[in-house]
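I'll walk through a bit of strand pairing and then some helix packing.

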Amino acid sequence: MTRLHFASALLPSGWANDVRVVITAGAIAEVTPGVTPAAGDERHAIALPGLASLHSHAFQRGMAGLAELRGDSTDTFWTWRETMYRFALAMTPDDVASVATLLYVEMLEQGFTRVGEFHYLHHDRDGSLYADIAEMAARIAQAAEASGIALTLLPSFYAHGSFGGAAPHAGQRRFICSVDQFATLISASRKAISALPGANIGIAPHSLRAVTPDELAAIIPLADGGPVHIHAAEQVREVEDCLAWSGRRPVQWLLAHAPVDRRWCLIHATHTTDEEVAAFARTGAVAGLCPITEASLGDGIFPAREFLDAGGAFGIGTDSNVLVGVTDELRQLEYGQRLKHRARNVLSAGAGRSTGRTLFDHALAGGAQALAQPTVGLAAGARADIVTLDTTHPSLAGRAGDAAIDGWVFAAGTGAIDCVWAGGRKVVEGGRHRLRQAARERFNATVRRLVA
C-alpha cells in the first residue's frame, strides 16, 4: 500500500486541498480530501491525473527530425511518407523495442501515463510473416512493460495502397494483411499483452485508403467490443481521392456506412465540413487530434471550436512522436485555433474559464473514452496514474488550481513535472524516469546504426 498526500489535487469534482490518496495493487483505493498529512504519507504539492496519448506510431520516434531536408518538389505528407517507409523497412524487432522503450519513457516524463499504439509495422523486412505473427506487437508490449506505461494496443489492418482496393506500394509490404491473417494477428496480440498490467486491445483499420468496405465490415467484429480507431480526412488529396472513388468525403462515408459510435475514434478528421462536424459530434465518437504531428506534416487545422460547440469529444495523441509532451500537444491545439480565428482563448469553456483546464479536461475524458478506460482521474477504482508538478518552477510560482495548469501548459516548457506514478509505481522522480539513461543509450546505438 502507498499513501500519498497532496496540498492540492484535481479530482473529478474539481480542485481539493489536503488530499490523501491510498494506492493498492496498482489502483486508487481511497481519495480523502481535507485531511492533514499523517506519518508515512509521501507529500507533494500539486497532483493531476495522467493523460493518454491516444494515437502513437512508436517506431517513428526513431526518425524524428530526419525528414526536415527540403526536396526537389514541394514537401508534403506524401513525401514525408516515403522517408517513413524507408526507415520502417530497415527496423528489426529489437530496433522497435529499443525505440519504443525510450519513447514510452519520454511519454511518462512528459505526463502521459497510457498510450494507444496504432501498430502497423507487423512483418519481416521482406514482407514475410514472422514465426509468431505478433512478434512486433510483443516488442511493443515489452517496451510498455519496461517503462511502466499502460498500453492500449491497436493492431492495424492495412491491405491496399489507395481507395478501391488498389495494390499496395512496395514500401508498405511490412504492413499488409489479409482478413484471415489479421484475425490471427489479433488473437496472437491478445496473448502478447495478456500478462501486461492495465493493458487492453482494440483494432485499427488504417484508413479508407487501405481498407475496402467489405474488409472493414469483416474486421470490425474482431474488436469484440473494444475500441476502433481509423485515420480519416488527414489530407486534402485524401478527401479528393475519396470523392473520386465514392462520391463522399472520408468522414461523410464513414458516418454513412460504418457503425461509428462511442467506441470509435476518428484520427485527425482535419478536413471536415460543418455538416460532417455536427454529424460526427452526434455519434459520440472521439476526435483523435495530434496537433504537433498535424503541424509538422502540414495537414491543416481541425475545426475544434466548431466541434466542441456541437458537443464533440476529443483526445490528444503524439502520432509521429516528432516531439513528445502533454503541454506541447495542448498548446499547439489552442494556438492553431488562435491562428485560424485570430482570437485568444478560443477553446476555453466560456467567460472566466481557464483555457488550460478546458483543454486538460477534454483530453483526459476523450483519451479515456477512446482507449476504453471506464474509470479515470484521481478517483477510487481508477488505475493509479498520477502526475505531480514542481511548484518551484518559475512558471508555476504563486499559481494554484487552474492557474497552475495554465502556467504548465502555456509557459513552463520542460521541467515542471516532478513525479509520475503509473499503475501505482513511481517511475519518474525529480523529472527523470528511472530507465532514462539506459533507454537513451540503447536507443542511440539503434538509431546510429539505422541512419549510418
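Leu-266 sits opposite Ala-287 in E12. Their surroundings are strand E11, residues 264-268, and strand E12, residues 286-289, which pair in the parallel sense over 3 bridges. Pairing here takes at least two DSSP bridges between two strands, and the elements are DSSP runs numbered from the N terminus: helices are H or I with at least four residues, strands are E with at least two.

Quick caveat: this is a predicted model, so local features need pLDDT of at least 70 and side-chain atom pairs count only at pLDDT 80 or more, while totals for chains, interfaces and linings use all residues. Numbering starts from 1 along each chain as its sequence is written, and side-chain values use heavy atoms, with hydrogens and water left out.

Zooming out, 4 strands make an open sheet, ordered E10-E11-E12-E13, with parallel pairing. At the edges, pairing on one side only, are E10 (228-232) and E13 (313-316). From one strand to the next, the twist averages 30 degrees.

Lying across E10, E11, E12 and E13 is helix H12, residues 355-370, at about 90 degrees to E13. Axes are lines fitted to C-alpha atoms, for helices over the stretch in contact, with angles from 0 to 180 degrees between N-to-C directions. Contact means heavy atoms within 4.5 Å.

Now, how do H2 and H3 cross? The axes of H2 (93-109) and H3 (135-147) come within 8 Å and cross at roughly 35 degrees. Among the contact residues are Ala-97, Tyr-104 and Leu-108 of H2, and Met-136, Arg-139 and Ile-140 of H3.
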